Amino acid sequence: MPDSKPTLWATGRYEAVAERIASIAAEVVAAVDRRKTVRDAAVIDLACGTGSAALAAAGAGARVTGVDLTAELVDIAAARPGADAVTWVVADAADTGLPDAGFDAAVSNMGIIFVEPESLLGEVARLVRPGGVFGFSSWIRDDAGNPFYNPIVETLGQPPASGYSPDQWGEPDVVAARLAAAFDGIEIEKRVHTWQFDSLPAALHFLKHESPMHVDLLHNLEDPQRTQLVQAFERAFGEHTDSAGRVSFPSPYLVATARRT
């Protein structure tokens, strides 16, 4: 989650998003563990949100610190089962204030992709000891049919150009270029996550009341644009609704790991 906008991520119910992608958090921890055992290792979960990766690492026997700038999400994480095994810190993932070379591994589940990359990677390189492992997940842009994103472009147009965007982390060439200064042995696995909702109203409820980015966007629009966007989401979800009324669609993502040089 973008540590630069903590109030955005306190909007809606981020925990509802985290629950749906918790399996990816476990995959990130498992990918790191295959390269360097996390049992008894010092692991930091950057932009930890409600703590899925941190708790997965703790469950695998790691000594874990979870860091996020959004205090409300850290509070939720700290109240989850098993959370007493984790040290929770409210801080920017790009400026944690934690000791140099204090960790054997850093993980992040769809979190660091929202943080300014140069400062973020400088902090990861500072925190992780030589020989340690950095692992993270990122969504891969799917221009052909992303019901979470395409309706926004359809209704509001392309977002203004900026220096970086989360989906850049879904491009292997970008990952390799960004990590090259302080990491080697980059490994990337591409996978697919399936979003599932019991009904079209349930999918729309998720966007209007739970997914922070969508809740924030809709809140800041005035009618008729807001209504037009909701209708565009409804049409997009409708294209992925089966005969029983269930909504289901794939979202590609990657899990990347690299060794700190």
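How are α9 and α11 oriented to each other: parallel, antiparallel, perpendicular or oblique? I started my notebook with that one. The model I am looking at is predicted.

**Entry 1: α9 and α11**

I looked up helix α9, residues 200–210, and helix α11, residues 225–238. Their axes come within 10 Å and cross at roughly 135 degrees. Angles over 145 count as roughly antiparallel and 65 to 115 as roughly perpendicular, with the rest, apart from roughly parallel ones under 35, as oblique. The two helices, α9 and α11, are therefore oblique to each other. I noted the hand of this crossing of α9 and α11 as right-handed. On the α9 side, the contact is made by L200, A203, L204, L207 and K208. On the α11 side, V230, F233, E234, F237 and G238 take part. I sorted the residues of this contact by class: 7 are nonpolar, 1 is polar and 2 are charged.

**Entry 2: α3 and α4**

Next I took helix α3 (residues 22–35) and helix α4 (residues 52–59). Their axes come within 8 Å, and the crossing angle is roughly 50 degrees. That makes α3 oblique to α4. The crossing of α3 past α4 is right-handed. From α3, I listed A22, A25, A26 and V29 in the contact. From α4, the partners are S52, A53, A56 and A57. The class count for α3 with α4 is 7 nonpolar, 1 polar and no charged residues.

**Entry 3: T96**

Then I turned to a single residue. T96 sits in the loop between β3 (86–90) and β4 (103–109). Is T96 buried or exposed? Its relative accessibility is 8%, so T96 counts as buried. I checked what its side chain reaches. The backbone nitrogen of L98 lies 3.1 Å from the side chain of T96. The side chains of T96 and E123 are joined by a polar contact of 2.7 Å. Leaving out residues up to four places away in sequence, T96 touches L46, V67, A91, E123, R126 and L127.

**Entry 4: S137**

Strand β5 holds S137. I found S137 buried, because its relative accessible area is 0%. A polar atom of the S137 side chain is 3.0 Å from the backbone nitrogen of M110. Which residues does S137 touch, not counting those up to four places away in sequence? My list is I24, V28, S108, N109, M110, I113, L254 and V255.

**Entry 5: R13**

Last, I looked up R13, in the loop between α1 (6–9) and α2 (14–20). R13 has a relative accessible area of 34%, so it is partly exposed. Not counting residues up to four places away in sequence, R13 touches H209 and E210. I also compared R13 with V38. They are 25 residues apart in sequence, and their C-alpha atoms are 30 Å apart in space.

Technical notes:
Residues numbered from 1 in each chain as written. Predicted model: local features only at pLDDT ≥ 70, side-chain atom pairs only at ≥ 80, totals over all residues. Heavy atoms only, no water. Axes fitted to C-alpha atoms, helices over the stretch in contact; angles between N-to-C directions. Helix = DSSP H or I, 4+ residues; strand = E, 2+ residues; numbered from the N terminus. Left-handed = near helix turned anticlockwise from the far one by under 90°. Contact = heavy atoms within 4.5 Å. Nonpolar A, V, L, I, M, F, W, Y, C, P; charged D, E, K, R; others polar. Buried < 20%, exposed > 50% of the residue type's maximum accessible area, 1.4 Å probe, protein only. Polar contact = N/O pair within 3.5 Å; in protein donor to acceptor, adjacent residues only side chain to side chain.
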